Amino acid sequence: MAQILRRARGTSIGNVQVGYTIPPESKQLLADISRRLGISASEGLELVLAHLELADDGLPVWVDRNQLEEALPLAQAS
């Protein structure tokens, strides 16, 4: 039987649970990466997010900013 990877006792105090729906292959990729690291999937996701490279605008560096909707000008928003 495969070992169930869990966080070390006490390391999830204050953590919150998330409930997003993602494609099965994305979940499997996270599970595979985490298993290879010897950590739980939640720790794996935490590491992915912690190592996500962000640009000065707070978006991931790989985002095509030309494809983003522009905010409405303030004059039109009123």
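**Helices, salt bridges and a nonpolar patch**

Helix H1 is followed by Gly38, a residue with a positive phi near 75 degrees. Helices here are DSSP runs of H or I with at least four residues, strands are runs of E with at least two, and both are numbered from the N terminus. The model is a predicted one, in which local features need pLDDT of at least 70 and side-chain atom pairs count only at pLDDT 80 or more, while totals for chains, interfaces and linings use all residues. Residues are numbered from 1 along each chain as its sequence is written, and side-chain values use heavy atoms, with hydrogens and water left out.

The protein chain holds 3 helices and 0 strands, in the order α-α-α from the N terminus on. H1 has 14 residues and spans 20 Å from its first C-alpha to its last. That is close to the expected 20 Å at 1.5 Å a residue, where the expectation is 1.5 Å times one less than the number of residues.

Of the 78 residues in the protein chain, 9% are buried. Buried stands for under 20% relative accessible area, exposed for over 50%, and partly exposed for the range in between (1.4 Å probe, protein chains only). Taking contacts (heavy atoms within 4.5 Å) between residues at least 6 apart in sequence, 34% join residues at least 24 apart. The chain exposes about 7400 Å², of which carbon and sulfur atoms supply 57%; accessible areas come from the Shrake-Rupley method with a 1.4 Å probe, and for residues only the protein chains shown count as cover.

Side chains of opposite charge can pair when their charged atoms come close. A salt bridge is counted when a side-chain nitrogen of Lys or Arg lies within 4 Å of a carboxyl oxygen of Asp or Glu, and the count is 2. In one of them, Asp32 pairs with Arg35, with the closest N and O atoms 3.1 Å apart. Both residues belong to helix H1 (residues 24-37) and sit 3 residues apart, about one turn of the helix. An α-helix has 3.6 residues a turn, so residues three or four places apart point the same way. Asp32 counts as buried because its relative accessibility is 19%.

Arg65 and Asp57 form a salt bridge at 2.7 Å, N to O. Arg65 is partly exposed at 31% relative accessibility, and Asp57 is partly exposed at 46%.

Leu45, Val48, Leu49, Leu52, Leu54, Val61 and Trp62 make a nonpolar surface patch of about 670 Å². Patches take residues with over 30% relative accessible area and no salt bridge, joining like charges within 9 Å and nonpolar side chains (Val, Leu, Ile, Met, Phe, Trp, Tyr) within 5 Å. Leu54 lies in the loop between helix H2 (41-50) and helix H3 (74-77), and its relative accessible area of 47% makes Leu54 partly exposed.
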